[in-house]
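Please read these notes alongside the sequence and the coordinates. They are set out as numbered points.

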Amino acid sequence: RVMQHISHTAPLEVDVEEKRVALSYVSEAFAEGCLDGLDGDCMAQAALFAAFQELVMTYGEEATARYAEGFPERIRGGAFTTTLQH
C-alpha cells in the first residue's frame with residue numbers, strides 16, 4: 001500500500017464508503033463493550049492502540065509517526081467533534 005491511503009488528501013468516493021462502513025463496525029464494538037460494562041475511555045485507548053498497531057504493520061513506524069503528527073491540529077480544529085458543545 002502507498003502512504004497516501006492515510007494522508008489528509010481527499011479520498012475517492014469508494015474509499016469514503018468503505019471508511020463509513022468501517023466506522024460503523026467500530027462504533028458497534030464500542031456500544032457492545034459499553035453494554036458489557038467497559039469504560040468508554042478504556043475502549044477508546046484500546047481502539048487507538050489497535051489502529052496504530054495496524055498502521056505500523058502496514059506502513060511502518062516512521063510513516064505512521066508522520067501521519068500522527070497532524071492529529072493535534074485536527075483535534076483542535078474539530079475534525080473529531082461529533083456533537084455541539086456549549
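1. Accessible areas here come from the Shrake-Rupley method with a 1.4 Å probe. On that basis the chain exposes about 7,300 Å², and carbon and sulfur atoms supply 59% of that area. The model is a predicted one.

2. The chain contains four helices and zero strands.

3. Burial is counted over the 86 residues of the chain, and 10% of them are buried. Among contacts with a separation of 6 or more, 44% are between residues 24 or more positions apart.

4. Two packed helices are described by the angle between their axes and the distance between the axes. For helix H2 (residues 40-59) and helix H3 (residues 61-68), the angle is about 130 degrees and the axes are 7 Å apart. H2 is therefore oblique to H3, because an angle over 145 would be needed to count as roughly antiparallel and 65 to 115 to count as roughly perpendicular.

5. On the H2 side, the contact is made by Phe52, Leu55, Val56 and Tyr59. H3 contributes Glu61, Ala63, Thr64, Tyr67 and Ala68. By class, the residues of this contact are seven nonpolar, one polar and one charged.

6. Which residues form the largest nonpolar core? The five are Leu55, Tyr59, Ala63, Tyr67 and Phe71. H2 and H3 are the elements that give two or more residues to this core. In soluble globular proteins, nonpolar side chains tend to be buried together.

Technical notes:
Residues numbered from 1 in each chain as written. Predicted model: local features only at pLDDT ≥ 70, side-chain atom pairs only at ≥ 80, totals over all residues. Heavy atoms only, no water. Axes fitted to C-alpha atoms, helices over the stretch in contact; angles between N-to-C directions. Parallel < 35°, antiparallel > 145°, perpendicular 65-115°, else oblique. Contact = heavy atoms within 4.5 Å. Nonpolar A, V, L, I, M, F, W, Y, C, P; charged D, E, K, R; others polar. Buried < 20%, exposed > 50% of the residue type's maximum accessible area, 1.4 Å probe, protein only. Core = buried A, V, L, I, M, F, W, Y, C linked by side-chain atoms within 4.5 Å.
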